[in-house]
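Here is a short briefing for a first look at this model. Keep the sequence and the 3D view side by side as you read.

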Amino acid sequence: MTASSIDRLSTSDDRSASDVLDLGLVTLVVSGPAARPTLAATGEIDCTTAPQVHARIEQLLDDGARDLTLDLTAVTFLDSAGLCALATLHRRATADQIRLHVLAATRAVIRPMEITGLWHLLGGRRVESLAS
């Protein structure tokens, strides 16, 4: 993803429609106001998509997010690159006093986060998938 593709996404304080970024293996949808956005990911967060997911989250933080929800309920695969992106996000959020909420529904996401300690560190919450 290039900076220009990120720039095309709306960063207004009042999002009337969701921002959608289709990266092939993963689709990111951002909704809600700039200070309290929700980023919902659908698909795979792996070594090819994690840098782009991380860049989109960083942009939300740069745009003034103070309370960010990461909805990973539709993520089907999360590898070490995705875990690293989440750990990096945690460090920045802690330093900038940003509240994080991580929602997940599948073992493919929850188990790797539990094994690495990120589930507890990020205050992960198991929810029912909207797809089920």
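Arg99 is exposed, at 52% relative accessibility. Exposed means over 50% relative accessible area, buried means under 20%, and partly exposed is in between (1.4 Å probe, protein chains only). The model is predicted: local features need pLDDT of at least 70, side-chain atom pairs count only at pLDDT 80 or more, and totals for chains, interfaces and linings use all residues. Residues are numbered from 1 along each chain as its sequence is written, and side-chain values use heavy atoms, with hydrogens and water left out.

**Salt bridges around Asp67**

- A salt bridge here is a side-chain nitrogen of Lys or Arg within 4 Å of a carboxyl oxygen of Asp or Glu. By this rule there are seven salt bridges.
- Arg99 forms one of them with Asp67, at 3.6 Å from N to O. Asp67 lies in strand β4 and Arg99 in strand β5 (residues 99-104), so this pair ties together parts that are 32 residues apart in sequence.
- Helices (H or I, at least four residues) and strands (E, at least two) are DSSP runs, numbered from the N terminus.
- Asp67 also meets Arg36 in a salt bridge, again with 3.6 Å from N to O. This pair links distant parts of the chain, 31 residues apart: Arg36 is in the loop between β2 (26-31) and β3 (38-45), and Asp67 is in β4 (residues 67-78).
- Asp67 is buried, with a relative accessible area of 9%. Arg36 is exposed, at 53%.

**A salt-bridge network between helices**

- Arg92 and Asp62 form a salt bridge, with their closest N and O atoms 2.8 Å apart. Arg92 belongs to helix α3 (residues 80-96) and Asp62 to helix α2 (residues 50-62), so the pair ties together parts 30 residues apart in sequence.
- Asp62 is exposed, with a relative accessible area of 56%.
- Salt bridges link Glu58, Asp62, Arg92 and Asp96 in a network.

**The sheet**

- Six strands make up an open sheet, in the order β1-β2-β3-β4-β5-β6, with mixed pairing. Two strands pair if DSSP finds at least two bridges between them.
- β1 (19-22) and β6 stand at the edges with a single partner strand each, so one side of each has no neighbour in the sheet.
- β5 and β6 run parallel and are joined by two bridges. Leu103 stands opposite Arg125 in β6.

**Helices on the sheet**

- α3 lies across β3, β4 and β5, and runs at about 170° to β4. Axes are lines fitted to C-alpha atoms, for helices over the stretch in contact, and angles run from 0 to 180 degrees between N-to-C directions.
- α4 packs on the sheet too, touching β4, β5 and β6. Its direction makes about 110° with that of β4.
- Contact means heavy atoms within 4.5 Å.

**Helix α4 and its cover**

- Which residues of α4 (residues 107-116) are buried? They are Val109, Ile110, Pro112 and Met113.
- Their cover includes β4, α3, β5, α5 (118-121) and β6 (125-126).
- Gly117 follows α4 and has a positive phi, near 90°.

**Thr69 in β4**

- Thr69 is found in strand β4. Is Thr69 buried or exposed? At 16% relative accessibility, Thr69 counts as buried.
- Leaving aside neighbours within four places in sequence, Thr69 is in contact with Pro37, Thr38, Leu39, His101 and Leu103.
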